[in-house]
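Student: Here is a structure I would like to understand. Could we go through the terms used to describe it?

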Amino acid sequence: MTENQQNRISVVGIGSAAARLMDLLQPRVPREVRCLAIDSDRRVLETLSVESFALGSGNRASLGSGGDPRRGREWAAAAAQRFLDELDPATALVGVVFLGGGTGSGAAPVLLGEAYRSGMFTAAVGVVPLEAEGPRRGDIAAAALDELRRSSDVEVRVNADDLLGTLPEDLSVEQAFERVYASLSAAMTVLAGVIAGRCVINVSPADLAGGGDHAVLSVMYCGSDTGFVRKGEKQELSHSGLVHPKRGVLLLLSGRQTPMHRMNTVVECVRALLPDVEELKVGAAVDRSRKGGLEVLLLVSETSSAAPMSSPTFAGTASIRGSHGRPVQEEFAFEAARRGRFKDVQPTIHAGQDLDIPTFIRRGIRLRGRPSG
Ligand SMILES: Nc1nc2c(ncn2[C@@H]2O[C@H](COP(=O)(O)OP(=O)(O)O)[C@@H](O)[C@H]2O)c(=O)[nH]1
Ligand SMILES: [Mg+2]
């Protein structure tokens, strides 16, 4: 195995929406990150240029699950060994699933659970459907989140509504999804960089897991350098679904030219906006290939910290921990950082009618403003 392979992480998108996200993500992530689209719907997979992994058998399989998670679960169970064989055992696995459908919601817990139990570091990112999508999808999502919690080292819950920001009155669901994609692919780029160990200071996936075995986290904000670094854009953060977040992990991915003061501004803005957060862990990375400015990902949890956040190793990883030849840690002096958050901390080096198309899209239902609650 080459050094490069040892450092790879696999990001898998499970279900149609997540499979499409992989297509967007692949060109953005570091070289050592491999993206894989997993779906039962061949019509979706055929349109993608990213590597794909097909689920399902029988007549209906190639058409997707029709929104029934039992099908997704069954097909995933049948493909579990093939899935494990497909993954490089020395990689960490990040699974992304847009919850509420059949394939992703059914298959993700099974596939990720398989990898988790095999000893791989496994992170699950579950995107909770828009409230406007209705209770049925919400219920499917809740059940799947419950399962994901038991089948991964780290569970990151993202509320699609939280990623939308201020909505124009006539925004359609389809346009809303575009925004969700944009935010999420920015977030995933940062997360993938962190897990792949790209020169990240101070934050490891173990920090995301918090004190316990599992922590439910929410992405409060993610975005690129377009905005947010300006103090006037604070409201971007205020639409979080969490009332009193207690712990947070702030990840900053900068380009080579990003001025220090912009990063500091972000950190200070986040602190000011999260008065209840007992511990905010900040990690920064330089991506030499980046042309743009800063990308920011903030993960918060309502759980109080039960244990110190700083942990130099992956939580529950068997494979990554022992691998050699990782990228060399870049020096990244965070001069203006206060409260000594980089003091005495070891740098962490890690890193007709298509039933599968949601009804509200088929019928062209429009979103009117952001649903409350
Ligand atoms: N961002 C985005 N989200 C989508 C899109 N289509 C569906 N979703 C979301 O993903 C959820 C699951 O849909 P899908 O992935 O198609 O279901 P599956 O293939 O059966 O797993 C839906 O409830 C929506 O919240 C899309 O085109 N873009
Ligand atoms: Mg589908």
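**Ligand shell and ring pairs**

Tutor: The shell around ligand 1 divides into 7 nonpolar, 7 polar and 5 charged residues. Ala, Val, Leu, Ile, Met, Phe, Trp, Tyr, Cys and Pro count as nonpolar, Asp, Glu, Lys and Arg as charged, and the others, Gly among them, as polar. This is a predicted model, in which local features need pLDDT of at least 70 and side-chain atom pairs count only at pLDDT 80 or more, while totals for chains, interfaces and linings use all residues. Residues are numbered from 1 along each chain as its sequence is written, chains are lettered from A and ligands numbered from 1 in the order in which they are written, and side-chain values use heavy atoms, with hydrogens and water left out.

Student: Why is the pair of phenylalanine 53 and phenylalanine 83 called edge-to-face?

Tutor: Rings of Phe, Tyr and Trp (its six-membered ring) pair if their centres lie within 6.5 Å; planes under 30 degrees apart count as stacked, over 60 as edge-to-face and the rest as tilted. Here the centres are 5.9 Å apart and the planes at 75 degrees, so the pair is edge-to-face.

Student: What makes phenylalanine 83 count as buried?

Tutor: Buried means under 20% relative accessible area, exposed over 50%, partly exposed in between (1.4 Å probe, protein chains only). Phenylalanine 83 has 0% relative accessibility, so it counts as buried. Phenylalanine 53, at 4%, counts as buried too.

Student: Why are phenylalanine 98 and tyrosine 181 called edge-to-face?

Tutor: Their ring centres are 5.6 Å apart and their planes at 75 degrees, so the term applies.
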